[in-house]
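Subject: Structure for your review

Dear colleague,

Please find below the structure that I am handing over to you. My notes on what was found in it follow directly after.

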Amino acid sequence: MKFAVLVFPGSNCDRDMLNAALKTGVDAEYVDYRETSLEGYDGVLIPGGFSFGDYLRSGAMASVAPVIKEVKRFADEGKPVLGVCNGFQILTEIGLLPGALLYNSSHLFVSRNESLEVVNNNTPFTKAYAEGETVVYPVAHGEGSYYCTKDMYKELEDNNQIILKYKDNPNGSYHDIAGIVNEKGNVCGMMPHPERALESILGTDDGVKLFESMVNSWREQNA
């Protein structure tokens, strides 16, 4: 398996994403936002940061970058796409995930470890976890409050698209939502950073299972 780690002007978690992929024993490379082909890759990782300085709004300018057309193709073909923090914002901007990310309810930038509940472990991103398991990932965002309408929330619940919820909501996200998948289950977005939760010596290694889940799911599908 080979991951493409997208890099936009202002990305700052691209190295963490690359390291997370390599830690699972697969290949990964940085891919510039100006590229127009993702041929040869099996999955896409969209890192956190401040793409294009978050001008207009987070993820808005990145949503029209040349590489996005290929990201949409990947999603349509059922290939795994993971967007974390700014990557999540980008996925909502391009319509691959429902809802939007708004300013934190406190209007402050939040940076700390957060406890999360795995509410759906039946996805390619969470299958290595137990349902109801508590994990700890860092958060670092100013616009991380997930918003959706009541009707959209009902659809998310009915389709089991909510995968992570905050135990102690740090940003005002609707119904404590921290991470979701699309209806197919192959596109995932979350505000907390699993790629920063790889080493227990740094406070938590709970993110390792997420990347292992992605790799093992792909291997099972392509055996």
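This is a predicted model: local features need pLDDT of at least 70, side-chain atom pairs count only at pLDDT 80 or more; totals for chains, interfaces and linings use all residues.

Overall form

The chain contains five helices and eleven strands. Its radius of gyration is 16 Å, close to the 17 Å that the globule rule gives for 223 residues, so the chain is as compact as a globular protein of that length. Along the principal axes, the C-alpha atoms fill a box of roughly 40 × 40 × 40 Å.

Of the 223 residues, 54% count as buried. Contacts across the sequence can be described as well: among those between residues at least 6 apart in sequence, 73% join residues at least 24 apart.

In soluble globular proteins, nonpolar side chains tend to be buried together. In this model, the largest nonpolar core has 70 residues, and the members that touch the most others are F8, L38, V71 and L82. Helix α5, which covers residues 208-221, gives the most to this core, with six residues.

Leaving aside neighbours within four places in sequence, L82 is in contact with residues including M17, V44, L45 and I46. Its contacts also include L91, F125, C188 and M190, as well as L210, F211 and M214.

Helix α3 and its end

Is helix α3 largely enclosed or largely open? Seven of the eight residues of this helix (residues 86-93) are buried, so helix α3 is largely enclosed by the rest of the structure. The buried residues are N86, G87, F88, Q89, I90, L91 and T92.

T92 belongs to helix α3 and has a relative accessible area of 12%. The cut-off for a buried residue is under 20%, and T92 is therefore buried. Not counting residues up to four places away in sequence, T92 touches L97, P98, G99, A100 and L101. Just after α3, G95 takes a positive phi of about 85°.

Two residues with a positive phi

Most residues other than glycine have a negative phi. Which residues can be examined with this in mind? F52 is not a glycine, yet has a positive phi of about 55°. F52 lies in the loop between β3 (43-46) and α2 (68-76). D176, also a residue other than glycine, has a positive phi near 65°. The loop between β9 (162-166) and β10 (177-181) holds D176, which is partly exposed, with a relative accessible area of 32%.

Around K165 and S115

K165 lies in strand β9. Although K165 and A178 are 13 residues apart in sequence, their C-alpha atoms are 4.8 Å apart in space. Not counting residues up to four places away in sequence, K165 touches S115, L116, E117, V119 and Y153, together with H175, D176, I177 and A178.

S115 is placed in strand β6 (residues 110-118) and counts as partly exposed, at 30% relative accessibility. Which residues does S115 touch, not counting those up to four places away in sequence? They are T134, V135, V136, K165, Y166, K167 and D168. S115 and V71 are 44 residues apart along the chain, and their C-alpha atoms are separated by 30 Å.

The loop at G78

G78 is found in the loop between α2 and β4 (81-84). At 32% relative accessibility, G78 counts as partly exposed. G78 and G185 are 107 residues apart along the chain, while their C-alpha atoms are separated by 8.4 Å.

With kind regards

Notes. Residues are numbered from 1 along each chain as its sequence is written. Side-chain values use heavy atoms; hydrogens and water are left out. Helices (H or I, at least four residues) and strands (E, at least two) are DSSP runs, numbered from the N terminus. The radius of gyration is taken over C-alpha atoms; the globule rule is 2.2 Å times the number of residues to the power 0.38. Buried means under 20% relative accessible area, exposed over 50%, partly exposed in between (1.4 Å probe, protein chains only). Contact means heavy atoms within 4.5 Å. A nonpolar core is a set of buried Ala, Val, Leu, Ile, Met, Phe, Trp, Tyr and Cys residues joined through side-chain atoms within 4.5 Å.
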